[in-house]
Amino acid sequence: MSIKAEYQTESYVKKIAEITSRSAVECRFSFGDGVSEVLAVSPQISPAGCEVSSGRVNYGGRLVCTAVYSDVNGNLSRAQKGAEFTHFADDDRLAPAQTAFSRLSCEKVTVRRDGSSFLVTAVVCAVIDVYGSAERTYLSSAEGAVCRFEPLKFLSAVTFSGESEVEDEFEAAGVEDILTHDVKTLVTDCRCGGGEVRVNGEIYLSLLAVRGSEPVALDRVIPFSAEILCDDAVLPRRAQCFAQLKEATVSAQVNEERGRCAISFNAQLTFCGCFFDEHETSAATDAFRKGGEAVVSLNEESALACDDVRVYSERVGGPCSVKAKIDYNCAFKVAISPRAECTYSADTGMLEGAVSSVLIYSRDGELHSTEVALPFSVKLAGTEGSFSSVDVAVNNISVRQRAEGECEAEAALKITAAVCVQKTCSYVAEISDGADDERQPPAITVLVPSAGETLWSAAKRLKLSPEEVAEACGGTSFPLSGEERIVIYRPKK
């Protein structure tokens with residue numbers, strides 16, 4: 001008997017691609033005479049759109065670099081330059097109707113003298129998530145075939161985006177000026193429900209200030225929360241969200257009589273993220289044909305759904321590497337612009353990497369700077385075997401000489417791990433006739449099962465319906481232990 005199949009088709013949204021792209025952005029500073037060294041550069045990157053075309057995604061942003069230098073009188077000064085940039089990444093899977101989110105970060109900043117000016121080059125890394133519509137077709141019925149129907153949970157990605165503003169005011173004693181600021185955002189929780197996505201997180205603000213003509217570092221942790229409207233965020237579930245800095249300003253008002261400095265911080269944050277909507281339906285997960293072979297095509301869908309966001313606080317310390325030659329003639333002033341570069345192993349649960357910062361020190365009355373790197377290794381309990389997106393913020397970093405030419409550092413880490421669960425489902429996408437059986441089945445068939453044999457697998461091997469096999473087994477429970485024997489008697493027709 002030939003197979004007459006019927007199918008069900010529905011549309012859904014899935015993650016098409018995750019693309020990583022890098023580009024170099026340059027800013028040129030002209031300070032005039034008397035500047036021999038740029039002590040530190042603080043980059044601030046803001047996203048400015050991401051569009052998908054045929055086979056290409058175009059993204060852009062703005063880079064604002066704040067350079068700190070020492071003038072001819074030994075005073076610390078700053079200068080600021082900005083540059084807008086656009087770049088692209090190619091991928092054959094991309095199409096115009098798709099949605100893309102870009103997450104921008106600065107991987108590295110280099111400064112070199114170019115004639116009478118200084119050229120700052122920033123390596124901008126973009127991680128681009130692309131989502132698009134797709135269709136799934138699954139077998140709903142098949143006359144002439146034996147099908148196994150099971151309840152399946154089909155997933156469809158739901159993307160969301162939004163903006164929010166964060167303000168904070170605090171005081172610092174004896175601060176005369178604010179030179180630079182570095183901002184790092186962490187999302188500590190993201191939940192759906194009631195038609196909105198609620199995002200909670202923290203901003204790690206690191207300031208380079210001047211107190212008594214000396215550079216000092218000020219660290220501040222600023223909590224934030226935001227509600228993003230999303231019509232599909234009805235049921236309570238977790239979502240994965242990323243927060244980026246769109247714009248940040250720091251202003252200071254010095255009260256000389258009180259010896260205090262009032263600092264105001266304002267930030268515009270932009271959010272993008274995804275969660276998965278699921279619906280349950282009955283679909284065929286396997287099928288076969290009694291009187292011959294059947295050609296069965298299976299489709300498997302897989303998605304990483306956020307299940308939890310875990311937050312860790314760690315203090316790391318130990319020997320660190322210094323690029324410049326350091327001895328007891330050097331007086332350490334301050335370590336600024338801390339950031340962490342690390343990798344996470346889902347097999348071991350270990351987070352390994354290094355905390356880098358810029359150390360400002362003086363030698364023979366002149367200010368200099370060098371890069372310091374502190375290696376670390378942290379065990380993230382409870383994430384073994386999970387797929388996790390890990391982000392790290394650094395604050396309260398300090399560097400000192402433990403012996404001449406040898407340095408050690410300490411820093412506080414705040415770690416967020418978005419623990420994701422791999423959800424998969426497999427279903428019959430197509431079935432058709434194969435070769436017919438030319439021989440008649442024997443009058444008696446004895447099946448020697450293996451341990452763990454299920455009713456469906458036994459029926460598929462015998463090419464009988466599960467009901468017929470269950471009747472022949474006389475109440476034998478499945479799965480089998482492997483010591484049973486299944487005997488099928490076929491009456492003569």
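**Note on ring contacts**

1. R56 lies over the face of F88, 3.8 Å from the ring centre. A charge sits over a ring here if NZ of Lys or CZ of Arg is within 6 Å of the ring centre and within 35 degrees of the ring normal. The charged end of R136 is likewise placed over the ring of Y12, at 3.8 Å from its centre.

2. The model is predicted: local features need pLDDT of at least 70 and side-chain atom pairs count only at pLDDT 80 or more, while totals for chains, interfaces and linings use all residues. Residues are numbered from 1 along each chain as its sequence is written, and side-chain values use heavy atoms, with hydrogens and water left out.

3. Nine aromatic pairs are present in the structure (rings of Phe, Tyr and Trp, the last by its six-membered ring, with centres within 6.5 Å; planes under 30 degrees apart are stacked, over 60 edge-to-face, the rest tilted). Y138 and Y427 form an edge-to-face pair, because their ring centres are 6.4 Å apart and their planes are at 80 degrees.

4. Y138 belongs to strand β6 (residues 117-143) and Y427 to strand β19 (residues 406-436), so this pair ties together parts 289 residues apart in sequence. Strands are DSSP runs (E, at least two residues), numbered from the N terminus.

5. Y138 counts as buried at 5% relative accessibility, and Y427 is buried with a relative accessible area of 1%. Buried means under 20% relative accessible area (1.4 Å probe, protein chains only).

6. One aromatic cluster is formed by F29, F31, Y69 and F118.

How values were computed
Helices (H or I, at least four residues) and strands (E, at least two) are DSSP runs, numbered from the N terminus. Buried means under 20% relative accessible area, exposed over 50%, partly exposed in between (1.4 Å probe, protein chains only).
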